[in-house]
Amino acid sequence: MALLLTLTVLGPAMTTLGDSESGAGNAVRQLGYAVVFGLALIAMRPLKHPERLAVVPWFFWVALAWCWLSLAWALDPSVAVRRLVLTTIVIWSVFAVVRQLGIERTLLFVRIALIAILIVNYIVVLAIPTLGLHNLGSEDPLLVGKWRGLMGDKNQAGLICALTIIFFTFDRRKLPNALSAVVILLSVIFLWFSASKTSLGLVFIAIAASFGFTRLRAWLNSRRAILPGIRNPILVAVALALVPLIHFGVQSELFLNYIADSSGLTGRTEIWTAMMRYYLTNPVFSAGYGSFWNIGNASPIFRYGEGWVQTVSEGHNGYLDLLITVGLPGLILVLVATLIIPAYQLIATRRLTDATWALVVSVLFFCFSHNFTESSLFDRDTIGEVFLLLALAMLWTGEVDARNGNPGDEEGRRRSTSLENPALAMNRRARVRAGMGSSNGKSSRSGRRGV
């Protein structure tokens, strides 16, 4: 987990050392994730417990299967394979390490990593301003002086600060309030001076939305008898609405007229116009996973974009980036895996504590909103993708723990007994089925409360 988070937060800086034009990436970074995968694999003892490998929910594999299928028509299969292998490794590794560690220790590692990168970013800004600040030169004059620390650009710096604020606002466990307040304050200051408008605007909305959804959860829990009748129709309607809304929405003249304004969203609309021109000619299969940006002269951006748009390396919209790479079917499968089914689970679950539930909701709300102006959804080891996966992995870890007799994850010690000691878990279940004496049951329940 420590290595995974280190690679994630340092990813923006390490990416600049790779060959972005050819999509070769950074060799150290790629090797690092291979080590993460190998260590996680060894830690799970798959020869003795092969069932432990099945940590990723099946619907993620469906979405990944379509991405792998898209390699058959990818514009640059060699680059696409490397990127998709990394995406697959990151998804499995995040679910595996969270499942092994449990929610409590996952939060501990994440917060240590966030504090460390916050300190490093401040040191870089104050001690090495030529690196920590956007400087004069070939850059946009509007960026000059904006804080970026070691994150490569102000948007990545703003993103990590916003996530830090969220992780120190909810589910703090035994974390001292004073420490949380200091970290949040320093993160807000850095976020303000980074001038990352998307993160600055979304983080407090995400926090407020999480409080609102927590109240809604309490209302739904008080009406458990009618909950299925409310929950199921709403989620089915949302899922069915995805197809026409996405397909007809992106092809409508209204949308194209809106993004035709080149001054909108600091020029992003010019990028989106080029992306939409390509998508409308390839709505189903598109370019193939990872085969649009940074693949050299084969990139469609050189045919559909003009001027400075041909120099960008991402679409600044995670949903449009998926449309132009894995097409409409791929986008729908990814949204079902990362949004629809998790939303259903969040409404239905009673396994997570209110604090953990609020944290997961806030991270999901922020990450999905952030993808309207930045790209990270199902994109390798980007910071937004990894933290989205961490939230989803915590959600599913709570569900699995509950099914194995460990409801919740209080104090970090209620991990699934099947992972810690399968023999003890089987013995405990056998004693329960055999109807052991009440004294044993009382002892077990008392021990569980004291964990």
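Colleague: Which residues in H1 meet residues in H3?

Modeller: Leu3, Leu4, Leu7 and Thr8 in H1 meet Arg29, Gly32, Tyr33, Val35 and Val36 in H3, where contact means heavy atoms within 4.5 Å. The model is predicted, with local features needing pLDDT of at least 70 and side-chain atom pairs pLDDT 80 or more, while totals for chains, interfaces and linings use all residues. Residues are numbered from 1 along each chain as its sequence is written, and side-chain values use heavy atoms, without hydrogens and water.

Colleague: What makes H1 and H3 roughly antiparallel?

Modeller: The axes of H1 (residues 2-9) and H3 (residues 27-43) cross at roughly 155° and come within 9 Å. Axes are lines fitted to C-alpha atoms, for helices over the stretch in contact, and angles run from 0 to 180 degrees between N-to-C directions. Angles under 35 degrees count as roughly parallel, over 145 as roughly antiparallel, 65 to 115 as roughly perpendicular and the rest as oblique. H1 and H3 are therefore roughly antiparallel. Helices here are DSSP runs (H or I, at least four residues), numbered from the N terminus.

Colleague: How is the H1 and H3 contact divided by class?

Modeller: It has 6 nonpolar, 2 polar and 1 charged residues. Ala, Val, Leu, Ile, Met, Phe, Trp, Tyr, Cys and Pro count as nonpolar, Asp, Glu, Lys and Arg as charged, and the others, Gly among them, as polar.

Colleague: Why are H8 and H16 called roughly antiparallel?

Modeller: The axes of H8 and H16 (residues 354-370) cross at roughly 160° and come within 10 Å. That angle makes H8 roughly antiparallel to H16. Leu159, Ala162, Leu163, Ile166 and Phe167 in H8 meet Leu359, Ser362, Val363, Phe366 and His370 in H16. This contact has 8 nonpolar, 2 polar and no charged residues.

Colleague: What makes a space in this structure a cavity?

Modeller: On a 1 Å grid over the protein atoms alone, a cavity is a set of points where a 1.4 Å probe fits but cannot get out. The structure holds 3 cavities of 30 Å³ or more.

Colleague: Which residues line the second largest cavity?

Modeller: Its lining, meaning residues with an atom within 4 Å of a point, is Gln156, Leu159, Glu314, His370, Glu374, Ser375, Ser376, Thr382, Ile383 and Gly384. H8 (154-167) and H17 (383-403) are the elements that give two or more residues to this lining. The lining divides into 2 nonpolar, 6 polar and 2 charged residues.

Methods: On a 1 Å grid over the protein atoms alone, a cavity is a set of points where a 1.4 Å probe fits but cannot get out, and a pocket is an open set with protein on both sides within 12 Å along at least five of seven lines; lining residues have an atom within 4 Å of a point. Grid points are joined across faces, edges and corners, and a volume is the space filled by probe spheres set on the points.
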